[in-house]
Amino acid sequence: MEEVHKNFYKEIEKQGDFIISLYKEFIPIKALGPENGGEGEYERAKKLKEIMMKYFDDVKEIDVEDDRVPSKIRPNLIGTIKGEKENTLWIIAHMDTVPEGDRSLWKYDPFKVNVEGDYIYGRGVEDDGQAIVLGIALAKLLKEMKIKPKMNLSLLVSADEETGSKYGVSYLAKNYQLFKSEDIILIPDAGNSEGSMIEVAEKSILWLRFTVIGKQAHASTPEKGINAHFLAMLLGINLYNELHDKYNSKNELFDPPVSTFEITKVEKNVENINTIPGKHTFYMDCRILPKYNIDEVMNTINEVVKTFEEKNNCEVKVEIVNREDTTRPTDENSETVKKLKEAIKAVKGVDAKVLGIGGGTYAKYLRSLDLNPVVWMTCDETAHSPNEYVRLSYIISDLKTIAYMLL
Ligand SMILES: [Zn+2]
């Protein structure tokens, strides 16, 4: 290893205090999307832009209009440090968070950054403060040490990840040509404790609402009614069995390796115990392996429902609440995957594995552009939970891993 790299690694190890102070600047400024009852990212973005201006050669702001928030904009920030070559290593972060949830489950105030040894607590420190901190800390070190990286380093701090990315990465991917095929695109927004999980693929997501219409009656005279709740239970079981039987392929890239079809939420039906409900509504959350076409899955569902209606003398309404068809996976042999694996091996000493997940990230918008983004970081997966935390030692080792690719 060259001398400059050794020095860079040594400096990375000294960044603990800087990382904590950085968190203390932006975690207290809430950034909730309007769907979560918040006012968007405007205030947090203002602070982050001010910080980024200190360390990056150039900071751009791309505002997306949104009438639902007081500022009327959802800001996206891009900080860049010029490298020797034209290609770019991207760190894509998001600055919005989910709400803190039940406060009584937190041991500290979620909007004050609390440090306990290696652990830093707060809502949004991991999801996705970790990515923000990684990008800014790298830029700061490059600037301070006057090092020109091999390629450009760009940190994209985006809006609106938690509720769909319509005002964030999805918008940028559609309307701006920010990314080139030779770029390395890291999305530090999920990972495991070893830092050995590289997410390269996602399942399709399908959320459905089923409303069974029967006939209300007194519970003591069931023959006068058609029990919609009971029928909904039977229909749920039919759907569950049919879908699992028909779409039973395994793909070991994914964890879990199968398609999942889960019956989840129900809506309130009648007020009292002694009434047979005439209407019952339930939901299904389906995560479907990429080999299956979602139109075909919908056909199967509609057939099951039709047969059920005829057999049980009831009516069933099927509505799609959310549908996100998956795109091609990131190429496992792409430069990004190869370089990241090499860096993880060199820094953390572990063999990283590529993996597909059931949850949706905004990597899919970039995959649909024929880019090869990877979702990766080192974390204990505390996102969205009470007592969300990051570990400084993980952040330091992630910084070294990214620096390995940059220098
Ligand atoms: Zn996230």
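Reply: Asp-109 is partly exposed, with a relative accessible area of 29%. Its partner in a salt bridge is Lys-112, with 3.7 Å from N to O. Lys-112 is exposed, at a relative accessible area of 52%. The model is a predicted one.

The chain is divided into domain 1, made of 3–201 and 326–406, and domain 2, which covers 204–324. Their C-alpha centres are 38 Å apart. At the interface, 12 residues of domain 1 are in contact with eight residues of domain 2. Together the two domains bury about 800 Å², and 60% of that lies on carbon and sulfur atoms. On the domain 1 side, 49% of the area buried against domain 2 is supplied by Thr-326, Gly-356 and Gly-358, more than by any other three residues.

The rule finds one salt bridge across this interface. Lys-364 and Glu-324 form a salt bridge in which the closest N and O atoms are 2.7 Å apart. Six residue pairs are in polar contact between domain 1 and domain 2. Strand S8 (197–202) and strand S15 (353–357) each give at least two residues to the side of domain 1 that touches domain 2. The largest share of that side, four residues, comes from S15. By type, the residues on that side of domain 1 are five nonpolar, five polar and two charged.

Side chains of opposite charge can pair when their charged atoms come close. One of the bridges joins Lys-14 to Glu-11, with the closest N and O atoms 2.9 Å apart. Lys-14 is exposed, with a relative accessible area of 57%, whereas Glu-11 is partly exposed at 24%. Another bridge links Glu-271 and Lys-268, with 2.7 Å between the closest N and O atoms. Both Glu-271 and Lys-268 are exposed. Salt bridges with shared partners also join Glu-35, Glu-41, Asp-66, Arg-68, Arg-74 and Asp-160 into one network.

How values were computed. Residues numbered from 1 in each chain as written. Predicted model: local features only at pLDDT ≥ 70, side-chain atom pairs only at ≥ 80, totals over all residues. Heavy atoms only, no water. Domains from an automatic or database assignment. Contact = heavy atoms within 4.5 Å. Buried area = accessible area lost by both parts, 1.4 Å probe. Salt bridge = Lys/Arg side-chain N within 4 Å of Asp/Glu carboxyl O. Polar contact = N/O pair within 3.5 Å; in protein donor to acceptor, adjacent residues only side chain to side chain. Nonpolar A, V, L, I, M, F, W, Y, C, P; charged D, E, K, R; others polar. Buried < 20%, exposed > 50% of the residue type's maximum accessible area, 1.4 Å probe, protein only.
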